[in-house]
Amino acid sequence: MEDGSALQELLTELELIPLLGQRPIVQLQLITFIVVLVVAGFLSTAAWKFFLRGWLTMIYRRTRDRRRHWMGYVQLAVHFLLYPALGLLLMDLVIIFFRESGWLATVLIELSTFFWLLAGYRLVLILLYAFVPKRKARYYHYWLALPVFIIGLLYWFRLGSVPLQLLSQIELFTLFEDPVTLGEFFWAIMSLYLLFTITRAIQDLLQGVIVRRSRTEPEGVRAILSIGRYLVLVLGLLMILAGIGFDMTALAVIGGGLSVGIGFGLQSIISNFISGIVLLFERSLRPGDIVEVEGIMGKVQKLDVRAT
């Protein structure tokens, strides 16, 4: 779609939004949704504060030691899922009431998706805080789960919003004769962010599992997983560039030209990288060993891919 025509169509659709919002049935559904948000929040807070928390705490204290951690998970699940569950229940009741009254409930049906997304997000948080150490759980909560939830909300809102669909088709710039739209640029940035964050999460998860269930040294596991992560990052970056319509032939030509110059400039870094991999796999050095380099004595504290 041409940039000018997309912008003109967007402006036309934006002019229709106030007219749509002036319809009494649409206003009624929007007000009803806001009321459901408030009522569900009030009921979930009151139920947890005055009844469920005390009841679950009493059961927790009476539970045997071997089963107490499971009761802790139950408390966490009830606390996190109570609000979206009440929201879905109230939305279903309201939709039934609208249909029985002969009123349209299209907007309410679309808005009920919000509670499903919220329930899925909080279910992920329950699993995160239940099975991951607290420090890492907080990190993945705010740097992975929350951004994914926000992206899900934006994608859901985009599917039901014609103006946002048109806005995403506006051309921002041209990259090697390939036009890049606003939507492609936004999803490329989000995909790049998620690629780095998710690969780090998977690396941490696999490292913890492999080290616990095998006799392999942590340094060797970290080396293998680091190499795998770098390969996944490169492949993911190529897929993101291909997703926005980037010509991979041009990238190959540019990469071939730059590889020679970068190779000369990064000889020492590449040499250290390869040396680190050799040391980790051969295990000729281990933490605690005493070494002498050019007359300087030192103690090995940590082995890594890039430095020792």
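Buried residues (under 20% relative accessible area; exposed is over 50%, partly exposed in between, with a 1.4 Å probe and protein chains only) make up 28% of the 308 residues here. This is a predicted model, where local features need pLDDT of at least 70, side-chain atom pairs count only at pLDDT 80 or more, and totals for chains, interfaces and linings use all residues. Residues are numbered from 1 along each chain as its sequence is written, and side-chain values use heavy atoms, with hydrogens and water left out.

**Overall picture**
- The protein has 11 helices and 4 strands, taken as DSSP runs numbered from the N terminus (helices H or I, at least four residues; strands E, at least two).
- Of the contacts (heavy atoms within 4.5 Å) with a separation of 6 or more, 63% are between residues 24 or more positions apart.
- The accessible surface is about 20,600 Å², and carbon and sulfur atoms hold 67% of that; the areas come from the Shrake-Rupley method with a 1.4 Å probe.

- V35 sits in α2, which covers residues 24-62.
- V35 counts as partly exposed because its relative accessibility is 44%.
- L90 is 55 residues from V35 along the chain, with 9.9 Å between their C-alpha atoms.
- L56 is also in α2, and it counts as buried because its relative accessible area is 5%.
- Skipping neighbours within four places in sequence, L56 touches W48, M71, V74, Q75 and V78.
- From L56 to V78 the C-alpha distance is 9.4 Å, across 22 residues of sequence.

- Strands β3 (residues 290-293) and β4 (residues 296-299) pair antiparallel over 4 bridges; pairing takes at least two DSSP bridges between the strands.
- V293 has I296 in β4 as its bridge partner.
- The hairpin leaves 2 residues between the strands, and E294 in the turn has a positive phi of about 55 degrees.
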